[in-house]
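Q: Hi! Could you walk me through this structure while I have it open?

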Amino acid sequence: MTMIGGYLKVCGWLDMAARILCGVAAVGLTGLVLGIVVLRYAFGAGFVELQDAATYAFAVLVAFSIPVCLAQNGHVRVEVLSERLSPLYRRTADRVALAAFLIPVFGLVVWAYWPELRYSWAIREASVETGGLGGLFVVKTALPVAALLTIVQGIAANIRGDAA
C-alpha cells in the first residue's frame, strides 16, 4: 500500500467516525427536543440540563457535518459556469480552492480559536446556565477538530479527484 493509499484509507475511517458521531448527535438531538417539548407542555416541567444537552448535540452535529459533507462530495459549488466546463477545469478549480481558501480559512479557525479552547479546558468550562451541564470545554473542542477534519477531507478529495 502506498502512502497516498494509506492516507485515503485513514480519511475513510475518519469520515466513518464523523458520520457515526453526526448520526448519534442527530438522534440524540431529536430525542432531547422531543423530551423537552413533552415535559414542558404535557407536564409543565423543564430541565436546563436537557436544554444544554440538546445545544451540545446540535453544536457537534453542525461542526462535524462540514467534513462529512466534503468527504461525500456533497458541498455546493458556487461557480455558475462550472457545469459547462471540462472536468479538468473543475479539478483545477477545486485544487486552487483547496490551496487558496479551504486550508487557510479552516487553518485560521484552528489557530484563532486555540487560545479560547485552551482557556476553556484550563477552567473546565461548564454551561453558562445555573444548574446546567458541565463539559462545555469538550463540546468546544468539536470546532477545531472538525476544522482539521475538513482540511484532511479536502486534501483527500483532491487526491481522489472528486471534482470531476
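Q: How many helices and strands are in the chain?
A: There are 5 helices and 0 strands. Starting from the N terminus, the elements run α-α-α-α-α. Helices (H or I, at least four residues) and strands (E, at least two) are DSSP runs here, numbered from the N terminus.

Q: Before we go on, what should I know about the model and the numbering?
A: This is a predicted model: local features need pLDDT of at least 70, side-chain atom pairs count only at pLDDT 80 or more, and totals for chains, interfaces and linings use all residues. Residues are numbered from 1 along each chain as its sequence is written, and side-chain values use heavy atoms, with hydrogens and water left out.

Q: Fine. What is the radius of gyration of the chain?
A: The chain has 19 Å, whereas a compact globule of 164 residues would have a value near 15 Å. That radius is taken over C-alpha atoms, and the globule rule is 2.2 Å times the number of residues to the power 0.38. Along the principal axes, the C-alpha atoms fill a box of roughly 60 × 35 × 35 Å.

Q: And how much of the chain is buried?
A: Buried residues make up 31% of the 164 residues. Buried means under 20% relative accessible area, exposed over 50%, and partly exposed in between (1.4 Å probe, protein chains only).

Q: Let's look at α1. What is the distance between its end C-alpha atoms?
A: The end C-alpha atoms of helix α1 (residues 3–43) are 58 Å apart, which agrees with the 60 Å that its 41 residues should span at 1.5 Å a residue. The expected span is 1.5 Å times one less than the number of residues.

Q: Which residues of α1 are buried?
A: They are G6, C11, D15, A18, C22, A25, L29, L32 and I36. What covers them includes α2 (48–71) and α5 (142–160).

Q: What follows α1?
A: G44 does, and its phi is positive, near 65°. G46 is in the loop between α1 and α2. With a relative accessible area of 52%, G46 is exposed. From G46 to G35 the C-alpha distance is 9.6 Å, and the two are 11 residues apart in sequence.

Q: On to α2. Why does V62 count as partly exposed?
A: V62, found in helix α2, counts as partly exposed because its relative accessibility is 41%.

Q: Now the loop between α3 and α4. What is the phi of R124?
A: R124 has a positive phi of about 50° although it is not a glycine. R124 lies in the loop between α3 (87–122) and α4 (136–140).

Q: S127 is in that loop too. Is S127 buried or exposed?
A: S127 counts as buried, at 16% relative accessibility.

Q: What does S127 touch?
A: Not counting residues up to four places away in sequence, S127 touches D52, Y56, G132, L133 and L136. A contact means heavy atoms within 4.5 Å. S127 and Y56 are 71 residues apart in sequence, and their C-alpha atoms are 9.8 Å apart.

Q: Across the chain, what share of contacts join residues at least 24 apart?
A: That share is 75%, among contacts between residues at least 6 apart in sequence.
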